[in-house]
Amino acid sequence: MAVPAWTCGASRPGPAPTALPWPGRGPRPGPGARRPPSGPPRPLSLLLPPLLLLPLLAAPGASAYSFPQQHTMQHWARRLEQEIDGVMRIFGGVQQLREIYKDNRNLFEVQENEPQKLVEKVAGDIESLLDRKVRALKRLADAAENFQKAHRWQDNIKEEDILYYDAKADAELDDPESEDVERGSKVSTLRLDFVEDSNFKNKVNYSYTAVQIPTDIYKGSTVILNELNWTEALENVFIENRRQDPTLLWQVFGSATGVTRYYPATPWRAPKKIDLYDVRRRPWYIQGASSPKDMVIIVDVSGSVSGLTLKLMKTSVCEMLDTLSDDDYVNVASFNEKAQPVSCFTHLVQANVRNKKVFKEAVQGMVAKGTTGYKAGFEYAFDQLQNSNITRANCNKMIMMFTDGGEDRVQDVFEKYNWPNRTVRVFTFSVGQHNYDVTPLQWMACANKGYYFEIPSIGAIRINTQEYLDVLGRPMVLAGKEAKQVQWTNVYEDALGLGLVVTGTLPVFNLTQDGPGEKKNQLILGVMGIDVALNDIKRLTPNYTLGANGYVFAIDLNGYVLLHPNLKPQTTNFREPVTLDFLDAELEDENKEEIRRSMIDGNKGHKQIRTLVKSLDERYVDEVVRNYTWVPIRSTNYSLGLVLPPYSTFYLQANLSDQILQVKYFEFLLPSSFESEGHVFIAPREYCKDLNASDNNTEFLKNFIELMEKVTPDSKQCNNFLLHNLILDTGITQQLVERVWRDQDLNTYSLLAVFAATDGGITRVFPNKAAEDWTENPEPFNASFYRRSLDNHGYIFKPPHQDALLRPLELENDTVGILVSTAVELSLGGRTLRPAVVGVKLDLEAWAEKFKVLASNRTHQDQPQKQCGPSSHCEMDCEVNNEDLLCVLIDDGGFLVLSNQNHQWDQVGRFFSEVDANLMLALYNNSFYTRKESYDYQAACAPQPPGNLGAAPRGVFVPTIADFLNLAWWTSAAAWSLFQQLLYGLIYHSWFQADSAEAEGSPEARESSCVMKQTQYYFGSVNASYNAIIDCGNCSRLFHAQRLTNTNLLFVVAEKPLCSQCEAGRLLQKETHSDGPEQCELVQRPRYRRGPHICFDYNATEDTSDCGRGASFPPSLGVLVSLQLLLLLGLPPRPQPQVHASRRL
């Protein structure tokens, strides 16, 4: 039968013949014989089919070692299985521990986790927690509206008339270059004393509020002083709210003028650079101030837009994008004679972090040319908004046009697309300083319920790209009580150090009227917010009754997780909320997509699925069974889920009423007992309120013992469930020492240690000296070996973790070991559970030698090696022929566990492709392994240094000769901007230094949020013994692979490579930096989501006559100059990781 020729580096499946010598190379030389020279591989067309050569190469009488027969290697595999099983039966003590539990059956009860009841109770508790915050929010919003309505506006108000605590005052006094120090501020700033408060993780003052005013707003303006005047009355309401609910955290009022007043008072966390925090740009404020938006941004890129004007437009678009949240949809297009999208997005897309990043990068590539064609731009925008075949917000619709000016009013376009209903608002922005008539731009905005803004310079961008929210808030204000609905935000990082929080928001309306019979005021005053720390919500969920692999999670209408054990953002120095999708928090599959959709729709449900999960160390993937149960959290946009493995349906609850027994078991926690009973690590759990935490387990145990000498396990200040289970497991694991470990000689079987870990939080390692080299997490629920053992049957091998970039293992003093663990399954009265994991730690070097013997033709180490005579025919084995034959054990993640090659012992724990890339690729190609790729969106990366373009500051506009000769240029914003740069460059020379020097020492400069691509391997579908050939001419290799029963190991025997010409591509397992999946493709198949159920985008009584102005209240000149200089110098050619001063309160 003809055998097809396989391409170089590929592998050929199929059953092996009885014996497989070297195909195409003649007899295999014996040990010590000279290996054939390694020349270039012969063309495959010249090779006989390997199977036709086998009879020739196996001719009797040939003096040779042949590749082991399949039944021989299967025999070796059985010997390995028996050896492992024998050691685990003797030392693991699984059966003995089962008997110990049964003997102590009177000391514990078996409790049941009822998923539906559990999830409904937790959802109810979370609802109650949030409802208390809602009541406080409503009291604040009502009070604010009444205070403002009663307030009498003062035109002549002075700074010295207002007394308040300026949260940034201390930082400004310490800064000799600050605005207030230079100007000599007349504001009467309170000086407060603060006390440390663990709830806020900060120093606070409960008697006062604090005020934060954006740097680019003049504190002494009449508007700001009046705002400070009437909001002072909120202080008493904040204090009363806290009296009624002492668990309240930050209470905040964000004003439409930019003022933030928050309680309790604490100093502002000033950044090293200029503080650009503005409450009106925070996602929580934007969400509370307007309904969701469908926005199309169109940018004039005709030839008249050049130099600084184009740069202003690019910056304005980026700032505009920052006013959008995940509930909004957006697209950006440029236009001259025709319109086209700036990015790969051809329709509206969700304004999430990654999509906005694509827009910001694309905007930097806009080039000015051609003539202005407003018609093309507006027709494109209206077509985008009328596309109903895509997911969108379906609420406020708007077009934002940035231009330097023009004559055309494009009335025919508005008549065709928008009149008479005017469902689309048009906002126009005149950018730069020029002599064009702005009347057409004002008319466009006024005729379409929008607003006209002017952006003459960089200092005006931030203010004028956010004030459109006041217009969008009009229908909400006019709707009155109907619009007063609390909304809960995405997760984000608190600006003042609380950690991850969510915020309840409620809009505050202006209830004043201009006079008797006048129309109702339609301005929003601001947004009231109250923070809830995620840790406070987590405390309402069951901690340890769900087992190591059970957990509670919650998602919002976007599918983003509010709670999840994998919600662990590594960096928080960015302004965007923490938006981790449920399908990115776990490994995505169709079942989870269905569960996510049901939760977003607010349904209840239960489903058992088979799915993939990553190990804690993210090196392995396991296929497991999980039960998902979910219910909505009423009165919120959240839905709660519970995940339980089948073996966690039941759990143990200790019942140690016998105090004598308590004392007896407790004594086994004392270090004095460790020498005889083994070292005990206790999980660092919150057993009692007064227990001092410590990262050092020895110190934590000491603190625990000292506290237990003062209180009893039944004390009210302690968690009785945790304490009783801990003490019970201390006694049970000690009995394992007494019955099994103490009388065994570990050295006989080359063991460094034996151990047991329990759900109760005990990890006992025997003998005591082995604890010195114990590196596993003392919290069993956070130990990878523990969680994987529960999820897998049989013996789970865990080699020491090695990174390819680190130096090899140091095989000194026999301290390098391989963990082998297995779960202890109990069956009590028909109820099955797994309360513990036991195992051994193998001595690497000794077991590597034992591995050679077990995979050889010897039955034991003392038997002499079989000699192959000149007239006999012998099979190679892993001991005698280790110079020619490679024998390895690889675990289910593809990591090397044992090898018959001494020089590979220090590579144990590495991904096998780093040891033998050719062989690992063949195993993968033959389906022994399957690859799983995913993305980690919460990673932290070092920032990329920007290119150094000479000595000039980055991004500074440089005028041409023609500009200098043009008289009009000297009166333009470009000339003024350049003059500012030169003037302030002389005064503040440090601002012209490189970014790295400027941000030196700041955490923001050290790392930034990024995406990492993760790759894991796990066992594929092949379970049987399997022979194959890596076919590449003279470099071909035979190999045999077989799974070891009841383990996570693959036994591989292969010829060692003779040459390197056929080395194929190397499989990668190491985490790598990535841009993530292609966003342009992802938006074509967006994930299911639902927007907020309320929408206020129209009110018949809206007064649209106020539709255009060029500036708001005057900001500080000095601050504007500073901001302009900062933004001009700091604006990169393309977006870099941004350094943000702070997070939302």
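Where does Glu-1078 lie, relative to strand 42 and helix 33? Glu-1078 sits in the loop that runs between strand 42 (1072–1074) and helix 33 (1079–1082). This is a predicted model, in which local features need pLDDT of at least 70 and side-chain atom pairs count only at pLDDT 80 or more, while totals for chains, interfaces and linings use all residues. Residues are numbered from 1 along each chain as its sequence is written, and side-chain values use heavy atoms, with hydrogens and water left out.

**View 1. A negative patch on the surface that includes Glu-1078.** Here Glu-1078 gathers with Glu-361, Asp-1075 and Glu-1081 in a patch of negative charge. Glu-1078 counts as partly exposed, at 43% relative accessibility; buried means under 20% relative accessible area, exposed over 50%, and partly exposed in between (1.4 Å probe, protein chains only). Patch members have over 30% relative accessible area and no salt bridge, with like charges joined within 9 Å and nonpolar side chains (Val, Leu, Ile, Met, Phe, Trp, Tyr) within 5 Å. Areas come from the Shrake-Rupley method with a 1.4 Å probe, and for residues only the protein chains shown count as cover. Lys and Arg count as positive, Asp and Glu as negative, and His and the chain ends are not counted; a charge is placed at NZ of Lys, CZ of Arg, CG of Asp or CD of Glu. Helices (H or I, at least four residues) and strands (E, at least two) are DSSP runs, numbered from the N terminus.

**View 2. The largest nonpolar core.** Leu-923, Phe-1039 and Phe-1051 touch the most other members of this 99-residue core. Helix 2 (residues 70–92) supplies its largest share, 8 residues. A second, separate core has 44 residues, among them Val-491, Leu-557, Trp-630 and Leu-642. A core here is a set of buried Ala, Val, Leu, Ile, Met, Phe, Trp, Tyr and Cys residues joined through side-chain atoms within 4.5 Å.

**View 3. Arg-634 and Glu-127 in a salt bridge.** Their closest N and O atoms are 3.4 Å apart; the cut-off is a side-chain nitrogen of Lys or Arg within 4 Å of a carboxyl oxygen of Asp or Glu. Arg-634 is in the loop between strand 25 (621–632) and strand 26 (639–644) and Glu-127 is in helix 4 (residues 115–150), so the pair ties together parts 507 residues apart in sequence. Arg-634 is exposed, at 56% relative accessible area. The whole structure holds 42 salt bridges.

**View 4. A buried pair, Asp-328 and Lys-293.** These two form a salt bridge, with 3.2 Å between the closest N and O atoms. Asp-328 is in the loop between helix 10 (308–321) and strand 12 (329–335), and Lys-293 is in strand 11 (residues 293–300), 35 residues apart. Relative accessibility is 1% for Asp-328 and 1% for Lys-293.

**View 5. Glu-1102 meets Arg-474.** The N to O distance in this salt bridge is 3.4 Å. Glu-1102 lies in the loop between helix 33 and helix 34 (1117–1130), 628 residues from Arg-474 in helix 17 (residues 474–479). Glu-1102 is buried at 10%, and Arg-474 is buried at 4%.

**View 6. The cis peptide bond from Tyr-263 to Pro-264.** Omega is near -5°, and Pro-264 is in the loop between strand 10 (260–263) and helix 9 (283–289).
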